[in-house]
Amino acid sequence: MAWAASLATGGATAADGYDSYTNARFDYTICYPRAFTAQREADNGDGRAFKAAGGGELLAFGAYNIRNMTPRQGLDEAVADLKKDGFDIRYTALKQSWFVVSGAGTVGKHADRIVYQRTLFKGDTVITARLTYPAPRRPPTPPSSRN
C-alpha cells in the first residue's frame with residue numbers, strides 16, 4: 001500500500017489525491033490519501049481514525065505533554081509499547097522535535113501487519129500519526145529442484 005501523510009506541515013494537496021483533517025483542539029493538520037475513510041472524531045476532540053479497504057488504519061491524535069517528555073523519551077516509550085504489542089522494530093529516526101518508528105508485527109493481533117508512526121513535539125503538545133496496514137503477501141517459495 002503506497003501512502004504518504006504530512007503531519008502539521010502541509011505538503012500533500014487535494015489535487016494529489018489527498019484530503020486533510022484539521023484538529024482544532026491541538027492545532028494540527030494531517031493530509032491523508034482519499035482511499036482512507038474518516039471515522040467520527042474522538043469524543044474528547046484529540047483526533048480521528050481513518051480506515052481503508054483492505055485493513056489499513058491511520059490514527060491521528062494529539063495530547064498534552066504533561067510528563068514533559070523529550071523526543072528521545074517518547075521514542076523509547078513508543079518502541080517499548082510496540083514491542084509489547086508484538087511488533088519487531090525495524091527502523092527508528094530521531095530529530096530535535098520529532099521521531100519515527102516502524103516495524104513488522106510477528107505475533108498476536110498485529111501479526112502480518114506493518115506499523116509506521118511519526119510523533120511531533122510542538123510546544124506543550126505531542127502530535128502522533130500512526131499507520132498500520134497488512135504486510136504485503138509474498139508468493140510461496142518454490143521447493144528446491146533436485147537433479
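Colleague: Which residues form one aromatic cluster here?

Modeller: Y21, Y28, Y32 and F50 do. Keep in mind that this is a predicted model.

Colleague: How many aromatic pairs does the count come to?

Modeller: The count comes to five aromatic pairs. One of them is Y32 with F50, at 4.3 Å centre to centre and 35° between the planes.

Colleague: Why is the pair of Y32 and F50 called tilted?

Modeller: Check the centres to begin with: 4.3 Å is within the 6.5 Å cut-off, so the rings pair.

Colleague: Which residues have the most contacts inside the largest nonpolar core?

Modeller: That core has 17 residues, and those with the most contacts inside it are Y21, Y28, I30, Y32, F36, F50 and L58. Strand 3, strand 5, strand 6, strand 9 and strand 10 each give two or more residues to this core. Strand 10 gives the most, with four residues. There's also a second, separate core of 12 residues, which includes M69, L75, L82 and V115.

Colleague: Is T125 buried or exposed, and how do you know?

Modeller: T125 has a relative accessible area of 7%; buried means under 20%, so T125 is buried. T125 lies in strand 10 (residues 125–134).

Colleague: And why does A63 count as partly exposed?

Modeller: A63 comes in at 34% relative accessibility. A63 is found in strand 6 (residues 57–64), and its contacts beyond four places in sequence are F26, D124, T125 and V126. On the T125 side, the contacts beyond that range are F26, A63, Y64, N65 and L120.

Colleague: What makes the approach of K122 to T125 a polar contact?

Modeller: The backbone oxygen of K122 lies 2.7 Å from a polar atom of the T125 side chain. The cut-off is 3.5 Å, so that distance is inside it.

Colleague: Last one: how do you know that R118 lies over the face of W98?

Modeller: R118 is at 4.7 Å from the ring centre of W98. The distance limit is 6 Å, so R118 passes on that count.

How values were computed:
Residues are numbered from 1 along each chain as its sequence is written. This is a predicted model: local features need pLDDT of at least 70, side-chain atom pairs count only at pLDDT 80 or more; totals for chains, interfaces and linings use all residues. Side-chain values use heavy atoms; hydrogens and water are left out. Buried means under 20% relative accessible area, exposed over 50%, partly exposed in between (1.4 Å probe, protein chains only). Contact means heavy atoms within 4.5 Å. Rings of Phe, Tyr and Trp (its six-membered ring) pair if their centres lie within 6.5 Å; planes under 30 degrees apart count as stacked, over 60 as edge-to-face and the rest as tilted. A charge sits over a ring if NZ of Lys or CZ of Arg is within 6 Å of the ring centre and within 35 degrees of the ring normal. A polar contact is a pair of N or O atoms within 3.5 Å; within protein, one must be able to donate a hydrogen and the other to accept it, and residues adjacent in sequence count only if both atoms are side-chain atoms. A nonpolar core is a set of buried Ala, Val, Leu, Ile, Met, Phe, Trp, Tyr and Cys residues joined through side-chain atoms within 4.5 Å.
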